[in-house]
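The sequence and structure are shown first.

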Amino acid sequence: MSSQETAMRHTEHHRNERSGWLRAAVLGANDGLISTSALMMGVAAAGATSQNVLLAGFSGLAAGALSMAAGEYVSVSSQADTMRADTARERQELQTKPSAELAELAGIYEARGLRRELALEVAAALTAHDALEAHLRDELGIVESTRVQPVQAALSSAASFCLGAFPPLLIGGLWPRAAYLIPVSTLALLAVLGGLAAGIGGAPPWRGAFRVTVWGAIAMLATHWLGRAFDVSGLG
């Protein structure tokens, strides 16, 4: 088998290729799970009726999903604007200062360990092939896999938030008087999500499970105590 055939058959899958969508999905699900559970626990601790607790949960779901979508859309759109601006600037510089850009590209390769002559040769070859692509990749770190899609990111964040908010709402709807099931199930699901995200990312699952569970517990305890401080059971 030739070296070319070996190279064509050899494929590698790296975890950082999925880190972007994984981060957004896990963040949305964790946010939906923690915020909805904490909100319902706080309202329940204040002495509200089970119907009001469920209403608060659904209100939190709507507000949280839309907030996640809007925030992700604005953030990713800003990132996309920056990439477009950098691309336009690099294209203009290649047209107006090709020699300087070639020297800059060669300097990048030289700094990475290539001899000066080889760096110039590689820079010239890549410039002849696709100068803009070479500069975007090696000078700015912009490659096709890192290009962002604001609408897709917004919809993904909103969907993952709704998915995370579903378990506490389901428990609140089916067993309105079993409020203790919400924090128990929430912590269990947080541990699963944290461990899964850490495992896929290459980190020890227990570490991810531990840190997200601890912060989830803190959030729910804080809203529980806040709800008890504003007892409304005797009102109305």
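An axis is a line fitted to C-alpha atoms, for helices over the stretch in contact, and angles run from 0 to 180 degrees between N-to-C directions. Helices (H or I, at least four residues) are DSSP runs numbered from the N terminus. The model is predicted: local features need pLDDT of at least 70, side-chain atom pairs count only at pLDDT 80 or more, and totals for chains, interfaces and linings use all residues. Residues are numbered from 1 along each chain as its sequence is written, and side-chain values use heavy atoms, with hydrogens and water left out.

Helix α7 (residues 181-201) packs against helix α8 (residues 205-229) at about 145 degrees, the axes being 7 Å apart. The crossing is right-handed (the near helix is turned clockwise from the far one by less than a right angle). In contact (heavy atoms within 4.5 Å) are residues including Leu187, Gly194 and Gly195 of α7 and Gly208, Val212 and Gly216 of α8. This contact has 10 nonpolar, seven polar and no charged residues (Ala, Val, Leu, Ile, Met, Phe, Trp, Tyr, Cys and Pro count as nonpolar, Asp, Glu, Lys and Arg as charged, the others, Gly among them, as polar).

## Helix pair α4 and α5

The axes of α4 (residues 98-111) and α5 (residues 116-138) come within 8 Å and cross at roughly 115 degrees. That makes α4 roughly perpendicular to α5 (65 to 115 degrees). The crossing is right-handed. Among the residues in contact are Leu105 and Tyr109 of α4 and Ala123 and Arg137 of α5. The contact residues divide into 12 nonpolar, three polar and six charged.

## Second largest pocket

The second largest pocket has a volume of about 320 Å³. Of its 18 lining residues, Ala44, Ser50, Val53, Pro176 and Ala179 are the closest to its centre. A pocket is an open set of points on a 1 Å grid over the protein atoms alone, where a 1.4 Å probe fits, with protein on both sides within 12 Å along at least five of seven lines; lining residues have an atom within 4 Å of a point. The volume is the space filled by probe spheres set on the points.

The largest share of the lining, four residues, comes from α2. By class, the lining has 13 nonpolar, four polar and one charged residues.

Technical notes:
Helices (H or I, at least four residues) and strands (E, at least two) are DSSP runs, numbered from the N terminus. Angles under 35 degrees count as roughly parallel, over 145 as roughly antiparallel, 65 to 115 as roughly perpendicular and the rest as oblique.
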